[in-house]
Amino acid sequence: MQGFWDYAGLAMTVLFGVAQVFIGFGILWETVERAVLWLRGHRAHAVIAAVGEERDGDSHRVYRPTVEFATSTGELRRAALADTVTVSPAIGARLTVVYRPNEPEYVDAIGVAKGIGSLLLAPILVVVGAWIAALSIAYLLGLDGVRLWAEQALGDTFDWLERTLGGPLGWVRDVLVDWYG
């Protein structure tokens, strides 16, 4: 028989899984929006004119560069980049930016790392979040087979890790066993 705290813990696990799914889709949406901007936007050579200091959600210091560039019609513009950076860029540094043709105050720096990281992270968050939520809901509904299946899957994973680490990576296993028993 399960008590209140078992159900409360499972409910929190479901919420955690659902939150991961929403965060993953949010990252994916942002990545698609950035890709559309890069494909349909206008590119320009820009110069960093100023750097503003901000705080992110974790109170870490981040910087938002303001750039100056000429639009495709020759109009000079000054706009803050859409994204912040963790290292303060040098004023006067040159970079390539992309902006919305109908909204030249929305400017993003061209960079591959942001897109690749997001494309790798988003599917992982969505899949893991959905898996966590689904298993927790099934367990809350009393589907005992799910618990047995999850325990079997965990056991199979440990068996696979032991086979993998027992071969060419056996020294990693030995170090971990020495450290953690």
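Let's start with aromatic pairs: this structure, a predicted model, holds one of them. Rings of Phe, Tyr and Trp (its six-membered ring) pair if their centres lie within 6.5 Å; planes under 30 degrees apart count as stacked, over 60 as edge-to-face and the rest as tilted. Which kind do we have here, stacked, edge-to-face or tilted? The ring centres of Phe-69 and Tyr-99 are 5.2 Å apart and the planes stand at 35 degrees, so the pair is tilted.

Now, where do these two sit? Phe-69 belongs to strand S2 (residues 61-70) and Tyr-99 to strand S4 (residues 94-100), so the pair ties together parts that are 30 residues apart in sequence. Strands here are DSSP runs of E, at least two residues, numbered from the N terminus.

Buried or exposed? Phe-69 is buried, at 3% relative accessible area, and Tyr-99 is buried with a value of 3%. Buried means under 20% relative accessible area, exposed over 50%, and partly exposed in between, using a 1.4 Å probe and protein chains only.

In soluble globular proteins, nonpolar side chains tend to be buried together.

Leaving aside neighbours within four places in sequence, Ala-79 is in contact (heavy atoms within 4.5 Å) with several residues, including Phe-69, Val-67 and Val-107.

How do the strands line up? S1 and S2 run antiparallel, joined by nine bridges; strands count as paired if DSSP finds at least two bridges between them. Ala-50 has Thr-66 in S2 as its bridge partner. In the S1 and S2 hairpin, with five residues between the strands, Ser-59 takes a positive phi near 65 degrees. S2 also runs antiparallel to strand S3 (residues 76-80), with five bridges, and Ala-70 stands opposite Leu-76 there. In that hairpin, Gly-74 takes a positive phi near 90 degrees.

A quick word on how to read all this. Residues are numbered from 1 along each chain as its sequence is written. Local features need pLDDT of at least 70 and side-chain atom pairs count only at pLDDT 80 or more, while totals for chains, interfaces and linings use all residues, and side-chain values use heavy atoms, leaving out hydrogens and water.

Conventions: Helix = DSSP H or I, 4+ residues; strand = E, 2+ residues; numbered from the N terminus.
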